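Visitor: I'm new to this one. Could you show it to me and walk me through it?

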Amino acid sequence: PTRRSSDLYKYMFGTVLQESLPIILSFTVKILVPIGISALLFSIAFKQWVRYLKIKQASSFEFVMLQIKIPHEVIKSPAAMELLFINAMFQFIPKHWYINFMQGNIIKPWFSLEIVSIEGVIYFFIRTPVKFKNLVESHIYAQYPQAEVLEVSDYTEDVARLMNKEEWVMWGTEFALTKEDAYPIKTYVDYGLDKPVTSGEQTQVDPLLSNLEVMGSIGPNEQIWTQIIIKSSDTSWVKDGEKLVQELREEYSGKKEGEEGAPQMMTKGQIEAISALERNITKYGFDCGMRSFYLAKKENFNPSNISGVVGATKHYGSGNLNGFKPANIPGGFTYPWQDPKKKKENAMKAELFNAYRKRAFFYPPYDNVRVGGKHIKRKPFVLTSEELATLFHFPAGVAETPSFKRIESKRVEPPANLPI
């Protein structure tokens with residue numbers, strides 16, 4: 001019986017396999033390989049089709065630049081700006097294959113929040129798609145009835161012309177978060193700015209002022225630009241945040257969910273971190289890209305202003321929460337012979353400058369580029385409406401900074417014909 005079984009196995013795994021192998025190979029070559037190649041080609045073609053749709057739709061958007069002249073006295077908290085972001089800028093598109101891939105409606109509209117200092121005078125700008133212009137204006141007037149909104153030309157055009165005629169020096173950087181998206185930065189609520197201030201009150205500290213003081217201190221032939229590009233985010237970051245909260249609870253308490261025994265006491269900082277995370281994931285989330293530039297004539301360029309621009313972001317950071325760090329700074333070569341004539345660095349500066357002027361971050365061809373021998377992949381991070389309002393709001397009565405472009409006389413009321 002043993003010999004018969006052995007002979008049977010030899011027949012099955014020897015003769016049968018030998019006879020079947022040509023058939024299997026033939027099937028693989030004639031059927032499976034063409035299917036695999038076809039699937040690969042389809043995947044490549046589909047990705048290129050989606051890229052084409054994104055470029056086409058992005059180039060079709062028309063934008064307008066709005067300058068907001070803030071009143072001489074602002075008594076509202078940054079919560080007013082938070083409502084503006086939620087009601088006017090949290091825009092989305094329907095998810096349907098026909099609408100997205102056949103009609104080409106595949107990308108979300110984006111907005112740019114900009115604070116700019118031109119020779120020490122500070123301006124607030126919002127760049128919005130034309131079709132949302134009235135909506136944005138309406139909500140600005142709803143929250144700040146004494147403000148004035150003006151449609152203006154793009155301030156970057158003037159510098160672009162000057163740089164072609166004169167010798168200007170440019171330094172620029174993008175920013176990334178130091179931790180996962182769900183971790184919040186230090187917000188206006190943490191600074192106690194969530195309550196309206198009364199006229200003349202001087203007890204509150206606004207972290208935005210550190211940045212504005214640096215911007216207001218520059219002189220002739222110097223400019224500082226800050227830009228936050230935003231679009232509505234999906235909810236995946238919320239799920240990641242909920243998972244993170246659970247992990248931190250288990251880590252800080254020394255006890256996993258379902259385990260028996262008394263948990264260890266959490267510190268005040270640990271409790272505050274979990275509380276901040278839980279509050280953060282209840283807010284509206286926005287995909288963001290953030291940049292800062294310092295530009296000046298060669299003879300006026302002051303490198304200390306670079307430290308001021310980067311250092312001003314540290315007020316939003318916290319050891320147990322999130323913060324900002326520079327990213328995609330042009331240059332950064334280890335050895336001088338890697339870029340002896342600064343051609344690569346200048347190419348990277350030109351690409352960054354052009355991306356700023358285009359207000360481009362999320363979509364091709366600016367989301368993934370190779371320039372100066374380096375691969376730059378722009379990955380957006382998520383900030384909530386509360387975090388955005390901390391970074392971009394109109395300083396209240398405690399911020400009596402003379403360099404703001406304010407309205408000296410109060411307006412009676414906003415235009416009555418703006419739709420809500």
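Visitor: How many bridges join S7 to strand S11?

Guide: Quick note: this is a predicted model, where local features need pLDDT of at least 70, side-chain atom pairs count only at pLDDT 80 or more, and totals for chains, interfaces and linings use all residues. Residues are numbered from 1 along each chain as its sequence is written, and side-chain values use heavy atoms, leaving out hydrogens and water. Strands here are DSSP runs of E, at least two residues, and helices are runs of H or I, at least four, numbered from the N terminus. S7 and S11 (residues 381-384) run antiparallel, and the bridges joining them number four.

Visitor: How many of the residues of S7 are buried?

Guide: Buried means under 20% relative accessible area, exposed over 50%, and partly exposed in between (1.4 Å probe, protein chains only). S7 is mostly covered, and the count is 13 of 13.

Visitor: Why do the buried residues of H5 line one face of the helix?

Guide: In H5 (residues 155-165), the buried ones are Tyr155, Thr156, Val159 and Ala160. Take the directions from the helix axis to the C-beta atoms, which define the arc. Seen down the axis, the buried residues line one face because they fall within an arc of 140°.

Visitor: And which exposed residues are on the face of H5 turned away from its buried side?

Guide: Look at the face of H5 turned away from the buried side. The exposed residues there are Asn164 and Lys165.

Terms used: Pairing = 2+ DSSP bridges.
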